[in-house]
Amino acid sequence: MDRRESFKALGLGAAGFASLGAIKEVMSEAKAAPPQPAANGRDRARAGGMPALKIKDIKVIITKVEGTNMVTCKIYTSEAGLYGLGCGTHAERPSIVADMIEKYFKPMLIGRNADEIEKIWQELWIAPYWRASVDANNAMAAIDAALWDIMGKRCGVPVYDLLGGKVRDGLRMLGDIQARTPQILEDSIRKMMEDGYDHFRIYLANPNGQPAASSAPRSAGGGTVDATNPRASVEARGNDVEYIKRLCDAFELIRNKIGWDIEIGHDVHERPTPRGAIMLAKAVEPYRPFYIEDLFAPEDSEWYKIVRQQASIGIAMGELFVNQNEWLPLVANRLIDIMRMHISAAGGLNLARKVAHTCEFFGVTTSWHGPANVSPIGHAVNMHIDLSIYNFGVCEGRPFSEQLQELFPGCPEIRKGIRYSNDLPGLGIDLDEKVAAKYAPDGNYGSQRGAYDREGAPKRP
Ligand code: MG
């Protein structure tokens with residue numbers, strides 16, 4: 001039985017959308033079966049047309065999984081059982097996003113035609129008058145993804161088909177390695193190469209061998225710095241040179257021991273001084289990194305003009321972008337190579353598809369921001385865009401934990417370094433509300449980002 005037949009056998013409704021149970025069953029079967037295109041409902045949509053579909057209700061579900069607050073929006077429609085899900089995860093400020101949806105967007109949207117995705121997006125964008133708030137953007141992204149999910153389910157096709165269809169079967173994944181020692185770095189790369197990975201973003205801890213972490217050094221406000229973080233030492237000592245030396249040592253080790261058949265990169269996380277960032281770009285150039293991320297903060301992006309003239313490294317940028325004035329000049333002036341936008345923070349799928357197509361014309365590839373503070377629904381959004389565009393680069397994301405898979409049935413899967421869609425209608429992913437009860441937020445909403453230098457002055461995380 002192929003997947004389409006499985007759908008029918010599972011008794012999916014006339015509209016062709018999948019129940020939670022159906023998704024779970026089809027997903028377990030899908031592990032063994034090769035991907036099949038979903039055509040369920042497509043002919044019906046073309047042949048007879050469908051009655052107007054209204055937004056009936058909107059609910060926000062906040063969960064806290066593995067320490068990360070996730071915001072999911074659920075939109076119910078006038079068709080019984082047909083709903084859509086969207087991710088508006090602002091892990092640091094989840095309740096603000098929830099308020100935005102429930103108090104401001106929901107009254108605007110009840111009774112509206114659920115098919116008017118672009119129109120609704122434009123209305124939400126201008127509704128507060130001031131644009132480009134990261135809180136409003138996340139709320140818009142949650143609404144927007146849920147509407148795309150609904151349209152896909154109703155038509156019986158995955159969202160990537162609504163966006164133009166698959167350009168590729170799956171997405172090449174970025175291997176993210178935080179190593180305590182040079183030997184662990186080498187061994188970890190080799191192991192992931194055996195698993196099919198050929199693009200790596202690497203971090204190497206300082207020589208005392210303390211654990212490394214990719215997240216920013218954090219402080220509860222006491223002015224302390226996690227000096228074990230491979231990047232924290234830059235802030236602690238204000239020492240660009242030491243940071244550059246350690247990064248070059250790591251790159252040299254990889255090129256000497258493993259060779260040149262893999263792509264390597266690193267996230268600078270806007271930590272060095274502008275002068276240090278230029279030094280770093282020139283210093284790592286001999287190792288041919290495809291990806292040096294966030295040399296500068298968005299507010300310092302004029303410096304990219306200087307870097308571009310001095311080093312031919314791949315430049316990745318974008319997880320902090322919230323409006324087009326930040327990314328469009330960098331793309332149009334050919335100052336970056338890889339778009340790293342955090343899709344929900346910038347306004348969602350509807351905006352990101354336009355960003356992706358703009359990038360195509362300037363040779364910029366996508367690598368949407370995809371760490372743990374993007375929910376699996378957000379990852380599904382990233383994936384559906386990347387499957388349907390020409391200029392996909394590399395996908396950030398790890399295999400989803402058992403907890404996340406239990407909470408979000410239908411999580412995209414990684415096989416041999418490639419992420420695959422389950423090819424189900426809509427975004428192909430659900431949220432089990434019974435399971436969500438287990439992961440209710442603990443009242444400690446959000447978190448405080450931010451770092452401190454050794455004198456106690458606040459630093460960008
Ligand atoms: Mg980053």
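Predicted model: local features only at pLDDT ≥ 70, side-chain atom pairs only at ≥ 80, totals over all residues.

Student: Why is Arg340 called buried?
Tutor: Its relative accessibility is 0%. Buried means under 20%, so Arg340 counts as buried.

Student: What makes the link between the side chains of Arg340 and Glu293 a polar contact?
Tutor: The distance is 3.1 Å. The cut-off is 3.5 Å between N or O atoms. The side chain of Arg340 also reaches the backbone oxygen of Trp368, at 3.3 Å.

Student: Which residues coordinate the magnesium ion?
Tutor: Asp267 (OD), Glu293 (OE) and Glu319 (OE) do, at 2.0 to 2.2 Å. A donor must lie within 2.8 Å of this metal. In sequence, the donor residues are spaced D-x25-E-x25-E. Asp267 in strand E7 (residues 263–267) and Glu319 in the loop between strand E9 (315–317) and helix H13 (324–332) are 52 residues apart, so this pair links distant parts of the chain.

Student: How do you know that Asp267 is buried?
Tutor: Asp267 has 4% relative accessibility, under the 20% limit, so it counts as buried. Glu319, with a relative accessible area of 12%, is buried too.

Student: What does Arg340 touch?
Tutor: Leaving out residues up to four places away in sequence, its contacts include Glu293, Glu319 and Trp368. Arg201, Tyr291 and Glu396 are also among them.

Note on methods. Residues numbered from 1 in each chain as written. Heavy atoms only, no water. Donors = N, O, S within 2.8 Å, 3.2 Å for Na, K, Ca; no water. Helix = DSSP H or I, 4+ residues; strand = E, 2+ residues; numbered from the N terminus. Buried < 20%, exposed > 50% of the residue type's maximum accessible area, 1.4 Å probe, protein only. Polar contact = N/O pair within 3.5 Å; in protein donor to acceptor, adjacent residues only side chain to side chain. Contact = heavy atoms within 4.5 Å.
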